Amino acid sequence: MSDLVFYKDAEFTTPFSIEDIGDVDAGDIKFVEGYLKNESDRDIIKIEPEVFDEDINVIDLPTQLESKGWQKVIIRYTPKTNRETGLSTFITFWGKKRIPPE
């Protein structure tokens, strides 16, 4: 399991995976909320999303999370009006563990 886990719920019980977000018509916008949590014992810095579809954006992504910290994140799905394929909804997050000097 990754140190950065994206959850569906604020209780951190159900991780996101490849999501069925329902129907999103081309040209429409759909927002999905989730909670990004640092599960490690170290701060994580330089957090970046890995998104596999150009019509998906991550909003309010923190650049860092302290150990066991979390933040609400919004995923915006905006399929272009000429889109004919389904959205690739898999998203993952990565960053660097900050290891302070002793």
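1. Glu54 counts as exposed, at 65% relative accessibility. The model is predicted. Glu54 forms a salt bridge with Lys80, and their closest N and O atoms are 3.3 Å apart. Glu54 sits in the loop between β3 and β4, Lys80 in the loop between β6 and β7, so this pair ties together parts 26 residues apart in sequence. Lys80 is partly exposed, with a relative accessible area of 37%.

2. Asp55 belongs to the loop between β3 (43-51) and β4 (56-59). Is Asp55 buried or exposed? Asp55 is buried: the relative accessible area is 3%. The cut-off for buried is under 20%.

3. Which side chains make polar contacts with the side chain of Asp55? One is Lys80, at 2.5 Å. Another is Arg83, at 2.8 Å.

4. Arg83 is found in the loop between β6 and β7 (91-98). Arg83 forms a salt bridge with Asp53, with the closest N and O atoms 2.6 Å apart. Asp53 lies in the loop between β3 and β4, so the pair ties together parts that are 30 residues apart in sequence. Asp53 is buried, with a relative accessible area of 9%. Residues touched by Arg83 include Ala26 and Ser88.

5. Taken together, Asp53, Glu54, Asp55, Lys80 and Arg83 are linked in a network of salt bridges.

6. Now the strands beside these loops. An open sheet of four strands runs in the order β1-β2-β6-β4, with antiparallel pairing. Its edge strands are β1 (4-7) and β4, each pairing on one side only. On average, neighbouring strands of this sheet are turned by 30° against each other, direction ignored. β4 and β6 (residues 70-77) pair in the antiparallel sense over four bridges. Within this region, Ile56 has Tyr77 of β6 as its bridge partner.

7. Asp3 is partly exposed at 27% relative accessible area, and Lys97 is partly exposed at 42%.

Technical notes
Residues numbered from 1 in each chain as written. Predicted model: local features only at pLDDT ≥ 70, side-chain atom pairs only at ≥ 80, totals over all residues. Heavy atoms only, no water. Helix = DSSP H or I, 4+ residues; strand = E, 2+ residues; numbered from the N terminus. Buried < 20%, exposed > 50% of the residue type's maximum accessible area, 1.4 Å probe, protein only. Polar contact = N/O pair within 3.5 Å; in protein donor to acceptor, adjacent residues only side chain to side chain. Pairing = 2+ DSSP bridges. Axes fitted to C-alpha atoms, helices over the stretch in contact; angles between N-to-C directions. Contact = heavy atoms within 4.5 Å. Salt bridge = Lys/Arg side-chain N within 4 Å of Asp/Glu carboxyl O. Lists of a residue's contacts leave out its neighbours within four places in sequence.
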